[in-house]
Amino acid sequence: MEQSGVAFGTSGARGLVSAMTDAVCCAYTMGFLLHLQNLGEFAPGKPVALAGDLRPSTPRILRACVAAVEALGGVPVFCGYVPTPALCHFAFARAMPSLMVTGSHIPDDRNGIKFNRAKGEFLKTDETAMKMQDVTLPDGWFDAHGTLTHTIDLPAVTEIEDAYIDRYRTFFGATALKGMRLGVYQHSAVGRDVLVRLLEALGATVVPLGRSERFVSVDTEAVRPEDVVLARDWATTHGFDAILTTDGDSDRPLLADKNGTWLRGDVLGILAAQTLGAGSVATPVSSNTALEKSGAVPNIYRTRIGSPYVVAAMSHAVQADQGPVVGYEANGGFLLASAVQQEGRTLDALPTRDAVLPMLCALITAKAQKQDLSSLVATLPPRFTVSDRLKDMPTTLSQKHLEALRAAPQQGVANLGLTTACGVLCGVDETDGVRMSFASGEIVHLRPSGNAPELRVYVEADSIPRAETLLAQTLQAVGAWREH
């Protein structure tokens with residue numbers, strides 16, 4: 001791990017494709033399986049499910065992962081190129097370890113491997129134990145450059161998408177979206193076709209849009225300007241009730257209203273929690289505080305950013321019998337830790353990020369209340385969050401400046417111009433990065449990305465224009481950090 005530069009982020013191992021050699025990917029996968037063997041979740045002769053996204057490097061990395069499974073005597077079950085939540089839905093139901101080759105939303109010069117235990121996501125405690133494994137690569141399988149020379153073929157595809165679609169059709173009903181006209185921005189998302197099928201299975205009229213054979217790094221948390229323009233143009237041209245899309249591995253949603261305005265993922269999470277009658281919500285500190293102000297959920301757990309932390313908090317809520325237990329992130333990924341029962345129908349737990357469920361919840365609630373999405377969002381307290389990323393910002397440099405900010409916060413916010421912009425600094429939350437609350441009620445949160453050399457900036461205010469203005473000011477201020 002140290003030699004390759006391929007490290008664990010918030011969603012598994014990720015790095016440059018050039019660094020993720022076949023040998024590195026095989027070693028990671030063997031370490032994962034050896035750890036699960038110690039836990040009694042893997043043994044020779046046992047199946048391991050694998051799937052991948054649509055990046056050019058994914059098939060090669062999948063073969064390296066299959067090599068690891070076979071080297072340890074496991075049976076690879078290849079589920080094809082499918083959404084991460086579809087893979088988890090299949091594997092969790094069978095108590096089967098699984099892994100997804102994906103870099104999610106990051107550019108395709110990078111990729112990653114997301115590991116799952118037999119019934120849930122890989123946690124930080126698992127990551128630590130995995131690092132302790134002694135791994136010996138199969139003798140003679142790799143050349144000096146780490147390229148796989150041993151013949152490994154991907155197994156025949158095991159179809160899993162139909163069951164994923166049935167999960168939602170059974171719970172919501174085949175007419176849940178009848179009468180709605182929806183656009184699906186397909187780009188290069190691995191779930192681009194299954195999403196169309198799923199919406200049609202619930203009765204919607206669906207129009208596919210923007211399909212790309214080149215990988216497009218759609219980030220549901222920092223929406224690209226070109227995607228803002230596309231959504232507005234499509235909304236004007238087609239008269240959709242909504243436009244739906246996902247990130248690369250289709251575990252994070254992005255939903256636009258009839259005007260082509262993309263909804264924030266943390267706002268979508270609140271709407272989904274309300275629709276499902278959640279008793280507990282676990283969500284990172286970066287998520288919109290309209291959750292607390294709405295008073296809709298009795299138990300709220302704030303965590304560090306990353307699904308492993310959300311999953312850990314959800315587990316606590318499940319043990320405390322505070323269900324239904326859900327979790328969501330600012331990027332829109334929504335997790336269901338306990339079953340939901342409504343009108344005699346049951347939606348089983350799926351404790352991994354899912355793009356589909358929160359979008360369906362918002363659309364179905366809007367239809368039931370005879371509102372459009374923008375009107376539904378307007379029922380929430382007026383708190384608006386925007387975010388963006390400062391690219392090409394080395395993590396070490398970000399950490400250096402954040403440490404200085406922690407050491408002298410009043411001086412630090414003054415240097416960034418935030419005292420002038422927002423008033424007196426009232427509090428600093430260091431749960432993940434530096435999250436600053438001001439007398440104006442506004443919030444500015446700075447955090448290095450766990451997946452790329454980027455600095456994430458989150459801003460919350462009482463209106464979108466004010467939040468966008470403050471975001472631009474903050475990005476400009478922290479941009480100067482590159483010079484020091």
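Visitor: Which residues lie nearest the centre of the largest pocket, and how many residues line it?
Guide: Trp262, Arg264, Thr385, Val386 and Glu468 lie nearest the centre, among 37 lining residues. A pocket here is an open set of points on a 1 Å grid over the protein atoms alone, where a 1.4 Å probe fits and protein lies on both sides within 12 Å along at least five of seven lines; lining residues have an atom within 4 Å of a point. This is a predicted model, so local features need pLDDT of at least 70 and side-chain atom pairs count only at pLDDT 80 or more, while totals for chains, interfaces and linings use all residues. Residues are numbered from 1 along each chain as its sequence is written, and side-chain values use heavy atoms, with hydrogens and water left out.

Visitor: What makes up the lining of the largest pocket, by element and by class?
Guide: α7 (225-238), α8 (265-275), α12 (373-377), β18 (384-390) and α16 (464-479) each supply at least two residues. β18 gives the most, with six residues. Helices (H or I, at least four residues) and strands (E, at least two) are DSSP runs, numbered from the N terminus. By class, the lining has 19 nonpolar, eight polar and ten charged residues; Ala, Val, Leu, Ile, Met, Phe, Trp, Tyr, Cys and Pro count as nonpolar, Asp, Glu, Lys and Arg as charged, and the others, Gly among them, as polar.

Visitor: Which residues are closest to the centre of the second largest pocket?
Guide: Met1, Glu2, Val24, Ala27 and Tyr28 are closest to the centre, and 15 residues line this second largest pocket. The elements giving two or more residues to the lining are α1 (22-39) and α4 (124-131). α1 gives the most, with five residues. The lining divides into eight nonpolar, four polar and three charged residues.

Visitor: Why is the pair Asp162 and Arg197 called a salt bridge?
Guide: A salt bridge is a side-chain nitrogen of Lys or Arg within 4 Å of a carboxyl oxygen of Asp or Glu, and the two side chains meet at 2.6 Å, N to O, so Asp162 and Arg197 qualify. Asp162 sits in helix α5 (residues 161-172) and Arg197 in helix α6 (residues 192-201), 35 residues apart. The count by this rule is 31 salt bridges.

Visitor: How do you know that Asp162 is partly exposed?
Guide: Buried means under 20% relative accessible area, exposed over 50% and partly exposed in between (1.4 Å probe, protein chains only), so Asp162 at 36% is partly exposed. Arg197, also with 36%, is partly exposed.

Visitor: What makes Arg406 and Glu430 a link between separate parts of the sequence?
Guide: Their side chains meet in a salt bridge at 3.4 Å, N to O. Arg406 lies in helix α13 (residues 395-407) and Glu430 in the loop between β19 (425-429) and β20 (434-438), so the pair ties together parts 24 residues apart in sequence. Arg406 is partly exposed at 23% relative accessibility, and Glu430 is partly exposed at 46%.

Visitor: Are Asp266 and Arg264 buried or exposed?
Guide: Both are buried. Asp266 forms a salt bridge with Arg264, the closest N and O atoms being 3.4 Å apart.

Visitor: Which residues are linked in a network of salt bridges?
Guide: Asp219, Glu221, Arg389, Glu454 and Arg456 are linked in such a network.
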